[in-house]
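The model is shown first.

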Amino acid sequence: MTSIDHGSQIKSATTTSTTQSAKLSRSLLTALVIGSMVGAGVFSLPQNMAAGAGPLAILIGWVITGIGMIALAFVYQRLAIRKPGLDSGPYAYAKAGFGDFVGFNSAWGYWLSAWIGNVSYAVIVFSALSYFAPAFGEGNTIAAIVGASLMLWAVHALILMGVREAAITNFITTIAKIAPIVLFIVVAALAFNLDVFTLDFSGVSNPELGSLLAQVKSTMLVTLWVFIGVEGASVVSARANKRSDIGFATVSGFLICLGLYALVSLLSLGIMTQPELAGLKNPSMAVVMEHVVGPWGGALINLAVVVSVLGAFLSWTLLAAEIPMMAARDGTMPKLLATENDKGSPSVSLWLTNGLVQLFLIITYFANSTYQALFLIASAAILVPYVLSGAYALKIALTRDGYGAGETTGRDIFTGAVATIYGAWLVYAAGPTFLFMCAMLYAPGILVYIWARREQDKRVFTPLEVVLALAIVTAGGLAAYLIATGVISPL
Ligand SMILES: NC(=[NH2+])NCCC[C@H](N)C(=O)O
């Protein structure tokens, strides 16, 4: 049974087991929705949010994210109902709405985000373990990279042997992450000092932070990161008893996460000042906790990070390998990637994906990259599939595609528009460095696409797609040049 069906990718792979499993109650569904979103991100929020923003900007950041993300959650939920035939989630929507090449890029981007996110997971697990064994440093020392590589290939071997997520692992990891977060919030609320919180409420006394707009922008990829997985909520909740429970579980699961996340970041600002938080080592929740209750608090949170992220690492590895496999099955990616071993695991895709994770772990060591730099790239990479899903929902509502004669489209036009605007704002907020970095990662995909099209004996590009491909290659080339000359350094 797979309870973290992030996209529908996993859904199609496990339909038999999921449809046979018992229907779920409202509260269990809500827990599953939460479980598909909470991974590593929450445990570093105190530092990540304060790194470039004061309390007011952080507050505004959560409000914007709350509105944009709930719209996106609804987009996926509505699309699942309107377009039940499009089974492979985010990338199938982009393909249906905007053609094969755009669809390919959506799959490519979703896959990039999934495995680069896993590189950041490996780094943060060992950064947490350094609480117990200092040689692991910030998760990017030689000892940490060796440890992370061992973890990677152990998970790889388990999946090749046919291991899938079990209900029991999901249960344990969900408890392991939620309980310490709630405890942290209670402790932080008791230790909260309003004077510390309001010391520099708008952040303007710290010249490093810049304008309020700049501060808000700095939080946008962080808040996006912690909500990645929301696209799976509608799939998870499709296992509901009643239709009405789907909406309930999605909305309540989302709101609970939003509440937990906002409290973690805001309450921390009443314990330490923004500049203090900005300088903390991640997972920073552990440091704040230790500051209030002493060493046991630090140990507890770091352990929670290890358990929570190991669980999330497994589910995102499964998902990362499913994406190329599903895309290969319908000809969007080369057939080779659809190869399965005798245990039903997408072996070629898994080898490719984890090979790249390994490569990036080595780069992480030499570039001395941090957890933060890595997850910001994973956040930026997922913008393409997210924006396109919003745009597709808007498109079908505007053209009444999939809507019956008497059905109103007003609500769907609204959520589609809000999700698309939020996506466009995120692209702007992400800023040029991360967009360039993404172009560099999207560019090699074009070769993979050409390979797949040739294999299918299909025309490779339409004239418009040629323009798009050239734009990606140009931006990617420019990015490579800027990185080589040290002008930008996203890692
Ligand atoms: N490995 C990944 N791509 N994970 C993406 C999900 C991130 C998740 N929301 C978290 O906070 O950890």
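This is a predicted model: local features need pLDDT of at least 70, side-chain atom pairs count only at pLDDT 80 or more; totals for chains, interfaces and linings use all residues.

Arginine 400 is placed in the loop between helix 18 and helix 19 (410-442). Although arginine 400 is not a glycine, its phi is positive, at about 60°.

A positive phi of about 55° is found at asparagine 368, which is not a glycine either. Asparagine 368 belongs to the loop between helix 16 (347-367) and helix 17. Is asparagine 368 buried or exposed? With a relative accessible area of 52%, asparagine 368 is exposed, since the exposed class begins over 50%.

A further backbone feature is the cis peptide bond between asparagine 282 and proline 283, with omega at about 0°. Proline 283 sits in the loop that runs between helix 13 (274-278) and helix 14 (284-293).

Turning to the rings, a search of the whole structure gives 25 aromatic pairs. One of them joins tyrosine 93 and tyrosine 392: the ring centres are 5.9 Å apart and the planes meet at 20°, so this pair is stacked. Tyrosine 93 is in helix 5 (residues 90-98) and tyrosine 392 is in helix 18 (residues 383-398), so the contact ties together parts that are 299 residues apart in sequence.

Another pair, tyrosine 371 with phenylalanine 375, is tilted, with 4.9 Å from centre to centre and 50° between the planes. These two residues are four apart in helix 17 (residues 371-381), and about one helical turn therefore separates them.

The members of these two pairs are listed below with their relative accessible areas.

| Residue | Relative accessible area | Class |
|---|---|---|
| Tyrosine 93 | 4% | buried |
| Tyrosine 392 | 3% | buried |
| Tyrosine 371 | 3% | buried |
| Phenylalanine 375 | 0% | buried |

Which residues form one aromatic cluster? The cluster is made up of Phe101, Phe104, Trp108, Trp111, Trp115, Phe360, Tyr449 and Phe461.

Arginine side chains also lie over rings. The charged end of arginine 26 is over the ring of phenylalanine 248, at 3.9 Å from the ring centre. Arginine 411 is placed over the face of phenylalanine 74, and here the distance to the ring centre is 5.4 Å.

Notes
Residues are numbered from 1 along each chain as its sequence is written. Side-chain values use heavy atoms; hydrogens and water are left out. Rings of Phe, Tyr and Trp (its six-membered ring) pair if their centres lie within 6.5 Å; planes under 30 degrees apart count as stacked, over 60 as edge-to-face and the rest as tilted. Buried means under 20% relative accessible area, exposed over 50%, partly exposed in between (1.4 Å probe, protein chains only). A charge sits over a ring if NZ of Lys or CZ of Arg is within 6 Å of the ring centre and within 35 degrees of the ring normal.
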